[in-house]
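Me: Could you walk me through this structure, one question at a time? I would like to go from single residues out to the whole chain.

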Amino acid sequence: MKVPFYPLEAVNSPIRGELESAIAEVLDRAQYVLGTNVNEFESEWGDYCEAKFCVGVGNGLDALTLALLSVGVGPGDEVLVPSNTFIATWFAVSNIGAVPIPIPVKAGGFLLDPDAIEEKITSRTRALIPVHLYGHPVGMDRILELARQRNLAVVEDAAQAHGARYRGRRIGAHGDAVAWSFYPGKNLGALGDAGAVTTDNEDIARRLRLLRNYGSSQKYRHEIVGFNSRLDEIQAAVLRVKLRYLDVWNSRRQEIASAYSRIFSTAFDFQGSGIKIPGVKADVEHVWHQYVVRSTQRDRVVSFLERQGIEILIHYPVDPGHQDAYSSSFAPFGRLPKNLGDELFSLPINPTLSDSQVDFVASSLIAASKEITDIED
């Protein structure tokens, strides 16, 4: 059986007519930059995220970069970041002349360890970036408490957490600013690059609007040095259509993740093959952007699954601190945590998967585990 990882055409096809109509409306209105759809999407996404303000930008990296600038991070400042994340989290820090300081992820998981933060804080620390990786919210209470005590800004990286909740509240404004990516493969994806920042802070929102638009609130009047990073009107129109389906898509992802975990927990003991399936904290609503499995025998497991026709991706094979861009000559971080990417792989979890495909993926992973265990024995 062929099981694709995330067939975008299958996601978009059922709503293609609505997408085409939305795009046609933009063409008819001939309002292409910071127009009606951007304004409406900012309002709708802010409401959805339970945030007072939303500012659309060009992409997820810009969302992080401008969010950091909006809270006052600048050259020479240190920003605490997870050791395991997509490299954009680190690049946003480096691109403004600040220094990313890696924090280990919590043992057995993928998220920044709040208990490891305090020892990394110095007189130069200005902010920290918790990443809600793979759709699982970080435990924000301890992070926010530390931030208040040490006068640090909190910029959340929510690029993979569309619709997730922490203690019953949507991810969207727990920290000072929350950065979003709407890359096509996200739970809420555009038809190209797109991003946004949500916040409850009016001053931060005002600064973000200046930063994204050449530092200008009035044409040819530039209050600060800014950028050109405006959410595209066509992408905003697309996102407005797809936002109506986000909860349905997330619900299907949650059903698939529950099915995987249920089958894995009852069918076979993975310990012999070094496989660990992801867990979920009791106080969060996980939206399962990815279902990421760990295995000390990762390459053998992936090879087995791919021979069955299952498309597997690896998020992410090399942690940021182990990339060439962050070699010791470029950023002297000292001893870095082990490269977690050596053990990770992602199972298909897109909302178009059928129940039979889900069962096939689960049974194939169990078969892979048995094969590896038998060989080891």
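Me: Thanks! Is arginine 29 buried, exposed or partly exposed?
Reply: Happy to start there. This is a predicted model, in which local features need pLDDT of at least 70, side-chain atom pairs count only at pLDDT 80 or more, and totals for chains, interfaces and linings use all residues. Residues are numbered from 1 along each chain as its sequence is written, and side-chain values use heavy atoms, with hydrogens and water left out. Buried means under 20% relative accessible area, exposed over 50%, and partly exposed in between (1.4 Å probe, protein chains only), so with 34% relative accessibility arginine 29 counts as partly exposed.

Me: Which residues does arginine 29 touch, not counting those up to four places away in sequence?
Reply: Arginine 29 has its place in helix H2, residues 16–29; helices (H or I, at least four residues) and strands (E, at least two) are DSSP runs, numbered from the N terminus. Contact means heavy atoms within 4.5 Å. Beyond the residues up to four places away, arginine 29 touches Thr36 and Asn37.

Me: Is lysine 186 buried or exposed?
Reply: Lysine 186 is found in the loop between strand E8 (177–181) and strand E9 (195–199). Not counting residues up to four places away in sequence, lysine 186 touches Tyr6, Ala159, Gln160, His162, Ser181, Arg253 and His289. Its relative accessible area is 11%, so lysine 186 is buried.

Me: How many residues are in the largest nonpolar core?
Reply: A nonpolar core is a set of buried Ala, Val, Leu, Ile, Met, Phe, Trp, Tyr and Cys residues joined through side-chain atoms within 4.5 Å. In soluble globular proteins, nonpolar side chains tend to be buried together. Here Phe41, Trp45, Leu68, Val79, Ile117, Ile129 and Phe182 touch the most other members of the largest core, and its residues number 81.

Me: What is the relative accessibility of threonine 89?
Reply: Threonine 89 lies in helix H5, residues 88–94. Leaving aside neighbours within four places in sequence, threonine 89 is in contact with Leu64, Val81, Pro82, Ile129, Val131 and Asp157. Isoleucine 129, for its part, touches residues including Leu64, Val81, Pro82 and Asp157. Threonine 89 counts as buried, because its relative accessibility is 1%.

Me: How far apart in space are valine 293 and isoleucine 277, C-alpha to C-alpha?
Reply: Valine 293 has its place in strand E14, residues 291–295, and counts as buried at 0% relative accessibility. Beyond its neighbours within four places, valine 293 is in contact with residues including Ile275, Lys276 and Pro278. Valine 293 and isoleucine 277 are 16 residues apart in sequence, and their C-alpha distance is 5.0 Å.

Me: Which residues are joined by a cis peptide bond?
Reply: Most residues other than glycine have a negative phi, and most peptide bonds are trans. Tyrosine 316 is found in the loop between helix H10 (298–307) and strand E15 (344–347). With omega about 0°, the cis bond joins histidine 315 and tyrosine 316.

Me: What is phi of tyrosine 134 near?
Reply: Tyrosine 134 is found in the loop between strand E4 (125–128) and helix H6 (140–150), and counts as buried at 2% relative accessibility. Phi is a positive value here, in a residue other than glycine: near 65°.

Me: And what is phi of glutamate 50 near?
Reply: Glutamate 50 lies in the loop between helix H3 (36–48) and strand E1 (53–57). At 37% relative accessibility, glutamate 50 counts as partly exposed. Its phi is also positive, near 60°.
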